[in-house]
Amino acid sequence: MDLLETLTQTPSVPGREGRIRKVVEAHIRAAELFDEIHTDAMGSLIAYRRARPENGAEVTSPRKVMLAAHMDQIGFLVRHIDEKGFLRVNPVGGFDTRNLFARGVRVCTRDGDLSGVMNPGGRPIHIATDDEKKKVPIIGDFFVDLGLESDDVNGRVQIGDMVVLDGPFREVGDYVVSQCLDNRVGCWAQIRAMENLKHHSCDIYAAWTVQEEVGLRGAMAAAFGIAPDIGVACDTTLCCRTPGVPEEDRVSVPGDGVSLHVMDSSMISDMGLIEDIEAVAAGQGIKCQRAILPRGGQDGAVIQRSRSGVRTVSFACPVKYIHTVTEMSHKTDLASYPRLLTAWLETL
Ligand SMILES: [Zn+2]
């Protein structure tokens, strides 16, 4: 859990993945998990491990398997600094503005991080009109207050600096609660799966990709470079078994294991791969579940459509309250995720 905590607490929004890449790279280098590691021009971290069959023999023309976990999180870039020193921000990734009221934020500048508070412009409830109370603000209404004089802000903050919401990592009941479980869980599962993987007859390219939250951009370039035979997106999915959501819209069930996306709005998984993975899960007593996400996509979509097409499947950890700072994942689902990935890769 220490590694997952570190990953969730390292800020990195689309186009600003340097910090999280450093954490992942340091970990996989220290653990000596791969034969070669490089960063591509967009910033995705790509690690290669040659086939390691059980008998130690050379594998002739091994299949290439690409794993992809996006390492960016939804956040903002500073768009404007006003004359009073308040910041306006541009979102990078999809936010529900109802989750943005009264948030602690971190503004990451070239000279270090500044703590701030985010709120929408307008009067507080005591003095608001009835009409004002009903209005749901748009992103452009929100500003960041750094508690500093405008000269000070102008000296320290630049247009384009990254802004992230702050939310701690905690264990609550059978769950882990944190910001950024989407998708530091996928980044973590990919690392843990490779740590546990001993023998495999395929060549593995593990990619920690950039700019997923703004349209699967890093995975597109990475897939072209790798040219895989099989693609595996490692991400998260909705888990809406919560009050106010009809049972048929739950998407996934907490505690039933990692989900295999049969389809989402970006991709239809290769059913042969899903059935193979389910057979491995059944054989080894590892929990997993099927899920269909009517709206939302992930990196698998662009891997599948790269070059002349790639057989692709998507692993996704159920996450409640996704895209908030209190995302929740069941510990059973977290445990099953790298376990199933390792067990299946051993068969390839
Ligand atoms: Zn994601």
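How exposed is arginine 88, in terms of relative accessible area? Arginine 88 is partly exposed, at 26%. Here buried means under 20% relative accessible area, exposed over 50%, and partly exposed in between, with a 1.4 Å probe and protein chains only.

Some ground rules. This is a predicted model: local features need pLDDT of at least 70, side-chain atom pairs count only at pLDDT 80 or more, and totals for chains, interfaces and linings use all residues. Residues are numbered from 1 along each chain as its sequence is written, and side-chain values use heavy atoms, with hydrogens and water left out.

Back to arginine 88. Its side chain meets that of aspartate 82 in a salt bridge, 3.0 Å from N to O. A salt bridge is a side-chain nitrogen of Lys or Arg within 4 Å of a carboxyl oxygen of Asp or Glu. Aspartate 82 is buried, at 9%. The whole structure has 17 salt bridges.

Next, arginine 19. It pairs with aspartate 113, closest N and O atoms 2.7 Å apart. Arginine 19 sits in helix H2 and aspartate 113 in strand S7, so the bridge ties together parts 94 residues apart in sequence. Helices (H or I, at least four residues) and strands (E, at least two) are DSSP runs, numbered from the N terminus.

Now the zinc ion. Its protein donors are His70 (NE2), Asp182 (OD) and Asp235 (OD), 2.1 to 2.3 Å away. Donors are N, O and S atoms within 2.8 Å of the metal (3.2 Å for Na, K and Ca); water is not among the atoms, so sites may look incomplete. Histidine 70 and aspartate 235 are both buried.
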